[in-house]
Amino acid sequence: MGGARSGRGEDMAAAAALGPGPLRVGFVGAGRMAEAIAQGFIRAGKVEAQHIVASAPSDRNLCHFQALGCQTTHSNQEVLQSCLLVFFATKPYVLPAVLAEVASVVTTEHILVSVAAGVSLSTLEELLPPTTRVLRVSPNLPCLVQEGSVVMARGRHAGSSEAKLLQTLLEACGQCEEVPEAHMDIHTGLSGSGVAFVCTFSEALAEGAIKMGMPSGLAHRIVAQTLLGTAKMLQQKEQHPAQLRTDVCTPGGTTIYGLHALEQGGLRAATMSAVEAATCRARELSKK
């Protein structure tokens, strides 16, 4: 279901942006999202585990990187001294202090990528040395199973080669697209928060079946497969969802009766409002 995967030749060509030798990737912050991204790189053969270095204040999260075969440290500066491509995957409120700590070892050769939600490219560039190549990435939780939806935006000094390198790597985690920075908060509301919205709908679907007498485990398995199959059809056929819905809906059949009930319950408006509310909250947090 993920985006089209790039070939090995494209990987090597994109990595040329960081000079000769094996691609070394660093992670400052070693939480679930950092682990998911690193795991995707390793599984897809984009980066060798031994060439990934992660830092965190304690061993609590670093043990997951160690299990993958990565190098670990408690020094953020050591990560930048070892790697030219570095992902900052800290909590947003921690990031300014972290950037201040590593600024002295940032060079013009570095490509720095922020995974921190709500921290703008202009803020990142203000906190780092002039002309630093900076990009922002917004992933979502399914990156953990290499089926994520990821968008990226580049700063003033990051060019097409840096964007291509990052996109080629992140395709190991699912679908990755470059967007204007203004779309980052919308992606958070749509896809970041959207995972929870889909899970809520999934739960409600299963509970409907349970109410009608189906065992819980069976109901949840069928719902998960229904969501997976529907998503694959939407991706592979490239149809508008309304067309697929029409294909399922026969005159006077079961589906139109069910859809009528969903419309009476306000599902469409409630879903649109949920994306709007989550996006507005993301924008509020970006201003803080």
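Predicted model: local features only at pLDDT ≥ 70, side-chain atom pairs only at ≥ 80, totals over all residues.
**Salt bridges, cores and an annotated loop**

Good morning. A search of the whole structure finds six salt bridges.

I begin with E162 and R133, whose side chains form a salt bridge with an N to O distance of 2.5 Å. The two partners come from distant parts of the chain, 29 residues apart: E162 belongs to helix 7, residues 160–170, and R133 to strand 6, residues 133–138. Are these two residues buried or exposed? Both E162 and R133 are buried.

The next pair is E178 with R154, where the salt bridge is 2.6 Å from N to O.

The remaining pair I wish to show is E284 and R281, which meet at 3.0 Å, N to O. How are these two residues placed in helix 13? They are three residues apart in that helix, which spans residues 267–287, and are therefore separated by about one helical turn. E284 has a relative accessibility of 43% and counts as partly exposed; R281, at 40%, also counts as partly exposed.

Let us now consider the nonpolar interior. In soluble globular proteins, nonpolar side chains tend to be buried together. In this model, the largest nonpolar core has 37 residues, and V25, F27, F41, F65, F87 and L170 are those with the most contacts inside it. What does L170 touch, once neighbours within four places in sequence are set aside? Its contacts are I37, F41, F87, V137, V150 and C176. A second, separate core comprises 24 residues, among them C83, L95, V134 and M184.

Finally, I turn to the annotation. An unreviewed UniProt entry places the feature "binding site" at A89, T90, K91 and P92. In the model, A89, T90, K91 and P92 are included in the lining of the second largest pocket. A89 lies in the loop between strand 4, residues 85–88, and helix 5, residues 95–102. Neighbours within four places in sequence aside, A89 is in contact with V28, G29, A34 and V115. K91 is also found in the loop between strand 4 and helix 5, and K91 is exposed, with a relative accessible area of 54%.

Thank you for your attention.

Note on methods
Residues numbered from 1 in each chain as written. Heavy atoms only, no water. Core = buried A, V, L, I, M, F, W, Y, C linked by side-chain atoms within 4.5 Å. Buried < 20%, exposed > 50% of the residue type's maximum accessible area, 1.4 Å probe, protein only. Contact = heavy atoms within 4.5 Å. Salt bridge = Lys/Arg side-chain N within 4 Å of Asp/Glu carboxyl O. Helix = DSSP H or I, 4+ residues; strand = E, 2+ residues; numbered from the N terminus. UniProt positions renumbered as here; feature names shortened; annotations may be inferred. 1 Å grid on protein atoms, 1.4 Å probe; cavity = no way out; pocket = protein on both sides within 12 Å on 5 of 7 lines; lining within 4 Å.
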